[in-house]
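Please consult the sequence and the structure shown here before reading the briefing that follows.

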Amino acid sequence: MSLFARTALVGVVLIAAGAGAALAHHGWVWASDEDFVLEGQIVEVYLGNPHASLKVTADGNVWTVELAPPSRTAAAGFVEGVANAGDAVTAYGHRSKDM
């Protein structure tokens with residue numbers, strides 16, 4: 001196999017591995033098509049990578065609400081101090097099929 005062919009093969013494998021990792025953490029790939037509304041109280045706010053998220057208590061359960069990546073979340077105005085533990089929240093979206 002030529003050096004070019006080996007380099008191309010390694011490149012394809014690395015791209016495929018990266019795509020698999022991205023699909024593995026994007027829960028909405030398997031999300032239900034039904035709209036879902038969650039009303040509760042924020043327990044924790046996380047604004048880091050790979051996605052910002054909220055932990056929310058509602059009806060005796062703790063839910064994880066995934067948001068956009070930090071740069072997109074901040075661009076939308078959701079920055080540190082906008083929401084804090086103890087605040088009431090209403091989240092609209094799609095829930096995972098395993099919930």
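**Briefing: the pairing of β1 with its neighbours**

Strand β1 (residues 36-46) is joined to β4 by six bridges, and the two run antiparallel. Strands here are DSSP runs of E with at least two residues, numbered from the N terminus, and two strands pair if DSSP finds at least two bridges between them. This is a predicted model, in which local features need pLDDT of at least 70, side-chain atom pairs count only at pLDDT 80 or more, and totals for chains, interfaces and linings use all residues. Residues are numbered from 1 along each chain as its sequence is written, and side-chain values use heavy atoms, with hydrogens and water left out.

- V37 has Y92 of β4 as its bridge partner.
- Q41 lies opposite A88 in β4.

**β1 and β2**
- Strand β2 (residues 53-58) is linked to β1 by five bridges, and these strands run antiparallel.
- Y46 is placed opposite S53 in β2.

**The whole sheet**
- Strands of a sheet pair through backbone hydrogen bonds, either parallel or antiparallel.
- In this model, four strands make up an open sheet in the order β3-β2-β1-β4, with antiparallel pairing.
- The edge strands, β3 (61-66) and β4 (88-93), each pair on one side only.
- Neighbouring strands of this sheet are turned by 50 degrees against each other on average, direction ignored; the axes are lines fitted to C-alpha atoms, and angles run from 0 to 180 degrees between N-to-C directions.
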